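Colleague: I would like to learn how to read a two-chain model feature by feature. Can we work through one together?

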Amino acid sequence: MKKLYIFSLIALTLAACTPGNLDILGMFYTRSEGADQRFEQSMQYNDQHGYCTITVPQDEYHVYIASDTHVDFTTLNLDTFVTDYLADATAAPFCLHLGDFINSVGHYDTCYAHLSRIWNGTGDTCFCTVGNHDIYYDQWQVWRSFFQTSSYWFVVQTPAHKDLYICIDTGDGTMGSKQRKWLEALLSEQSQLGYRHIIAFTHTHIFKMDASQGHTSNMALEETYELCDLFSRYGVDLVLQGHSHARNISPFKDVQYVRVDALEDHYYNAFYTIMHVGKEYGWTFVPVGPQDEDKFEVYAPGVPHL
Amino acid sequence: MKKLLYIFAGLLVTAAVSAKKPYSITLLGEYGYNTTWEHFGGGELRANLPINDNFELDVAGEGHTARVYTFSATARPVFQLPVGELFLDGTLFYSHVQRNRIADFVMAASIGYRMDYVSVQVGTFCQIFGDLDYNYHALDSYNVDPFNVLYRLQVNVRPQTSPWNLYFGGTDYTELEYERHWQPIFFLGAHYDLPFYNVFSRSDNLKGNIRNFRILAEVYCKPTGMFHLDASFYGIKAKLGLGIRF
């Protein structure tokens, strides 16, 4: 009787979790395409459409970064991010979203409708990568229908410099084998071309250094070692990550690893990030949504408040 | 200082001579595959050294073709209970990841309870990643994961003392690998003690008849993304070896 009770409790709990926010069955096997398949499909798009170069009028520019918007039914914080970005005439003509656009099943239409103000007639663009929530319940193809590719690179051309941005798909907690080889070949080739900065951005964080990441998982250690070595060896100087919903800046092997906050509605510490790119990096973390007091947090001397 | 060392060594030898559990040394060959390193092979040496009925040492070392060399040492007080035994593990672990020029250093502490058919262990460990090409003046030569939960659950098909056994379970660590707690490793193993008794024995104080040779086979499977809720296969390791107990 006791065993039956325990079994029923577990079954009910699992049933309550699926469908909903959490794709519990995904703990056993992902319902979406795996990392290698997603990479192949991203490469198909890239082969057809190529890689772009964004021209920025000044050598120093700043980039708006959002992550973990987890859109369910509301887009309050996402709307604030888009509005602030479009209103900032000094911002670079592109921004970044580091994944987890939606929370669970559906809502891509809603999220895209609000995010696409960036693209509509302004000449700006938003570069995106996929997060784990985005591929729950076999939704990779849906994500792909809106955002097309999750493994790619682009160049930012300033008057005197050029910066390389590389997007790495770690939506399911691994790069996969094919993407790893592509990344190594890309870094090996591109690192010879005299970029001022090489910046990688992805969803899953590399390190787990504090309790903020207690509930979010990393990649396997072998993959962590490999990525740290690749980034260090080929001159990547910055890696942007999301996933943990809490910011952190930590250097390792001459690479800065920066995790950004979540922009989720109804989240206590929702922020978006403004990255200042020049000779050095600077950071402004802009609070969004209900806060005790308005404040900007700046992590670089001499970087002006906005 | 020299006197202290002699006294300590003497105590160790005395304790070893008076210990009633057999030592065991196991040599294993290993084949592995993961999506990062792809195929690799190597060897592992494990030793279990009971100092007395209530204290034992474990040491292990591994090297493989992926150019990763790992060592660990565990001190384990053991307390016999009316049912099962309670043990405490304190471990120092070092992995020299030559292929990526990274050192991985772990300090772990845990408590475990072992019965005939089930063994559970829970604890914590701190993991430090170091740059092998470190610069004393740089702030970024190391990175610390200060807190991970260590866990292990093993289920045996037969009692622990059986000359043969099958076991399976889940954990986030092995003697030669410490994963972060959201990356479980599932294992399946078997051992068979060959029916050669007391071929060699280090002391008449050892209890009973000792089967001196053990064949050991283990398979470890590591998925990735389980706690991303997007799980997929990441890697597998198979080990086969021969142990000597004396």
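Colleague: What are the ground rules for numbering and for confidence?

Modeller: Residues are numbered from 1 along each chain as its sequence is written, and chains are lettered from A and ligands numbered from 1 in the order in which they are written. This is a predicted model: local features need pLDDT of at least 70, side-chain atom pairs count only at pLDDT 80 or more, and totals for chains, interfaces and linings use all residues.

Colleague: What is the mean pLDDT of chain B, and where is confidence lowest and highest?

Modeller: First the term: pLDDT is the predictor's confidence in each residue, from 0 to 100. Chain B has a mean pLDDT of 88, with 87% of its residues at 70 or more. Within chain B, helix H1 (residues 2–18) is lowest, at a mean of 54. Strand E5 (residues 85–97) of chain B is highest, at 97. The model as a whole scores ipTM 0.87 and pTM 0.88.

Colleague: How many helices and strands does chain B have?

Modeller: Helices (H or I, at least four residues) and strands (E, at least two) are DSSP runs, numbered from the N terminus. By that rule chain B has 1 helix and 14 strands.

Colleague: Which strands of chain B form the closed barrel?

Modeller: Start with pairing: two strands pair if DSSP finds at least two bridges between them. In chain B, a closed barrel of 12 strands runs E1-E2-E3-E4-E5-E6-E7-E8-E9-E12-E13-E14, with antiparallel pairing. On average, neighbouring strands of this sheet are turned by 20° against each other, direction ignored. Take one pair: strand E1 (residues 24–34) and strand E14 (residues 232–245) of chain B are antiparallel over 11 bridges. There, Asn34(B) stands opposite Gly235(B) in E14(B).

Colleague: Now chain A. Why is strand E11 (residues 271–277) described as largely enclosed?

Modeller: A residue is buried if 20 or more other C-beta atoms lie within 10 Å of its own, exposed if 12 or fewer, and partly exposed in between, with C-beta atoms placed from the backbone. In E11(A), 6 of the 7 residues are buried, so the strand is largely enclosed by the rest of the structure.

Colleague: Which strands does E11(A) pair with?

Modeller: Strand E2 (residues 61–66) of chain A joins E11(A) by 5 bridges, running antiparallel. Val63(A) faces Met275(A) of E11(A) across that pairing. Thr273(A) sits opposite Phe285(A) of E12(A). Phe271(A) has Pro287(A) as its bridge partner in E12(A). The link from E11(A) to E12(A) is a hairpin through 3 residues.

Colleague: What angle do H2(A) and H6(A) make where they pack?

Modeller: Axes are lines fitted to C-alpha atoms, for helices over the stretch in contact, and angles run from 0 to 180 degrees between N-to-C directions. Helix H2 (residues 35–49) of chain A packs on H6(A) at about 50°, with the axes 7 Å apart. That makes H2(A) oblique to H6(A). The classes are roughly parallel under 35 degrees, roughly antiparallel over 145, roughly perpendicular from 65 to 115, and oblique for the rest. On H2(A), the contact is made by Ala35(A), Asp36(A), Phe39(A) and Glu40(A); on H6(A), by Ser177(A), Lys178(A) and Gln179(A).

Colleague: Is Tyr178(B) buried or exposed?

Modeller: Tyr178(B) is buried, with 27 other C-beta atoms within 10 Å. The residue lies in strand E11 (residues 177–178) of chain B. Contact means that C-beta atoms, placed from the backbone, lie within 7 Å. Leaving out residues up to four places away in sequence, Tyr178(B) touches Phe93(B), Val106(B), Ala108(B), Phe125(B), Gln127(B) and Tyr173(B).

Colleague: And where is Phe246(B) placed?

Modeller: Phe246(B) is in the segment after E14 of chain B. Phe246(B) is partly exposed, with 16 other C-beta atoms within 10 Å. Across chain B, buried residues make up 32% of the 246 residues.

Technical notes
Two residues are in contact if their C-beta atoms, placed from the backbone, lie within 7 Å.
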